[in-house]
Amino acid sequence: GTPMLDRVVYLVPSDAGGGTPQNTFFQVTRVDWNKSEKTQVYGRYGFQNNNFLDGSNANSPYAGYDAGSTQKNHAMMVSATRTITPSLISQTKFSFNRFNNTQPLGESAETPTLYFGNNAVGRIAGIGIAGPGYLPFSPGNGIPFGGPQNSYQVYEDVSLIKGRHQFRVGGVFNRLADNRVFGAYQNPTQSLGTNVTNSFEGFLRGEIRQFQAAIDPQGKFPCGATVTPDCTVTLPVGQPNFGRNNRYNEWAMYAQDSWRMSNRLTVNLGLRYEYFGTQHNTDESLDSNFY
């Protein structure tokens, strides 16, 4: 006759058609400077700050496990146009973008989440069973997550008009710096059983069937690998480094000719080459280790 579970109702800030409840601020500023008849410069800066309310990203009927998210984005560009001659024009641009989306933990520290199923949401009469911990209704998702992504870009474009031809050549260099964190199994998961029935049996006995957490692999391969497995780690174990600092360098070049063959016919001919760089971590020991 002792109740094992309670049915509860609680409020969650969610999207009811008008967007997730949030506090949002936008700002856009532009400045133009005509240095001379041959040189014009303009700069633009944009800022976006979104704060999504606690519970919008992670919610739980247990206190301390509601979490929101934030977005703080910056975008700036400076462009200079130089009229060298009436038929020769050069444009140079530099831009910087910083996108920073964070999905932090709530008030509670890292906590194993309890599931009445094998990393699945147990249900009774269609109602989900929530155990203490983060994301009780979203097994497989992970927080904390996010961090800054910085993009630096330099453009150069030259236009030349020669008779019936308008030639354009130019290029762009782009450097990306991805410094995000993904806490996959930073909050461990623990299952009482494979389904609701045997989960209650484990619940009454106080037994956990399965516990999963991210650990530092200490340079070992997982068991069952096609290579000779070496899956023994030395206890005690600790959590791995969830952060990465990946870098990419990309560039492109192009040439184009807009040829006005007659007053009614113009032919555009062009060629472009793009190189997409391979990501590399600033710490080689944290770089990809796949064979």
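## Ground rules

The model is predicted, so local features need pLDDT of at least 70 and side-chain atom pairs count only at pLDDT 80 or more, while totals for chains, interfaces and linings use all residues. Residues are numbered from 1 along each chain as its sequence is written, and side-chain values use heavy atoms, with hydrogens and water left out.

## Strands 1 and 2

Let's start at strand 1, residues 22-34, which pairs with strand 2, residues 39-52, in the antiparallel sense over 13 bridges. Strands here are DSSP runs of E with at least two residues, numbered from the N terminus, and two of them pair if DSSP finds at least two bridges between them. A hairpin with four residues carries the chain from strand 1 to strand 2. Within this pairing, Gln 27 has Phe 47 of strand 2 as its bridge partner.

A charge contact involves Arg 30, whose charged end sits over the ring of Tyr 42, 4.0 Å from its centre. The test for "over a ring" is that NZ of Lys or CZ of Arg is within 6 Å of the ring centre and within 35 degrees of the ring normal.

## Strand 8 and its partners

With strand 4, residues 88-103, it runs antiparallel over 16 bridges, and Thr 92 stands opposite Glu 156 of strand 8. With strand 9, residues 165-178, strand 8 is again antiparallel, joined by 14 bridges; here Lys 162 stands opposite His 165. Strands 8 and 9 form a hairpin with two residues between them, and Gly 163 in that turn has a positive phi of about 60°.

The pairing of strand 8 with strand 10 is also antiparallel and has two bridges, with Phe 182 in strand 10 as the bridge partner of Phe 145. There is another charge over a ring to look at: the charged end of Lys 93 lies 5.0 Å from the centre of the Tyr 155 ring.

## Aromatic pairs

How many aromatic pairs does the rule give? The count comes to eight, where rings of Phe, Tyr and Trp (its six-membered ring) pair if their centres lie within 6.5 Å, and planes under 30 degrees apart count as stacked, over 60 as edge-to-face and the rest as tilted. One of them is the tilted pair of Phe 25 and Phe 47, with 6.2 Å centre to centre and 55° between the planes. Phe 25 is in strand 1 and Phe 47 in strand 2, so this pair ties together parts 22 residues apart in sequence. Phe 25 is partly exposed at 43% relative accessibility, whereas Phe 47 is buried at 17%; buried means under 20% relative accessible area, exposed over 50%, and partly exposed in between (1.4 Å probe, protein chains only).

Trp 251 and Tyr 273 form a tilted pair too, at 5.5 Å centre to centre and 50° between the planes. This pair links distant parts of the chain, with Trp 251 in strand 13 and Tyr 273 in strand 14 (residues 265-275), 22 residues apart. Trp 251 is partly exposed at 34%, and Tyr 273 is partly exposed at 47%. Elsewhere, Phe 116, Phe 200 and Phe 203 form one aromatic cluster.

## Backbone details worth a look

Most residues other than glycine have a negative phi, and most peptide bonds are trans. Which bonds are cis? Another runs from Leu 235 to Pro 236, with omega near -5°; Pro 236 is in the loop between strand 12 (210-212) and strand 13 (246-262).Two non-glycine residues have a positive phi: Ala 125, near 55°, and Tyr 185, near 60°. Ala 125 sits in the loop between strand 6 (123-124) and strand 7 and is exposed, at 78% relative accessibility. Tyr 185 belongs to the loop between strand 10 (181-182) and strand 11 (189-191) and is partly exposed, at 33%.

## The second largest pocket

The second largest pocket has a volume of about 490 Å³. Of its 20 lining residues, the closest to the centre are Asp 6, Arg 7, Gly 128, Ile 129 and Ala 130. On a 1 Å grid over the protein atoms alone, a pocket is an open set of points where a 1.4 Å probe fits, with protein on both sides within 12 Å along at least five of seven lines, and lining residues have an atom within 4 Å of a point. The volume is the space filled by probe spheres set on the points, which are joined across faces, edges and corners.

By class, the lining has 16 nonpolar, two polar and two charged residues. Ala, Val, Leu, Ile, Met, Phe, Trp, Tyr, Cys and Pro count as nonpolar, Asp, Glu, Lys and Arg as charged, and the others, Gly among them, as polar.
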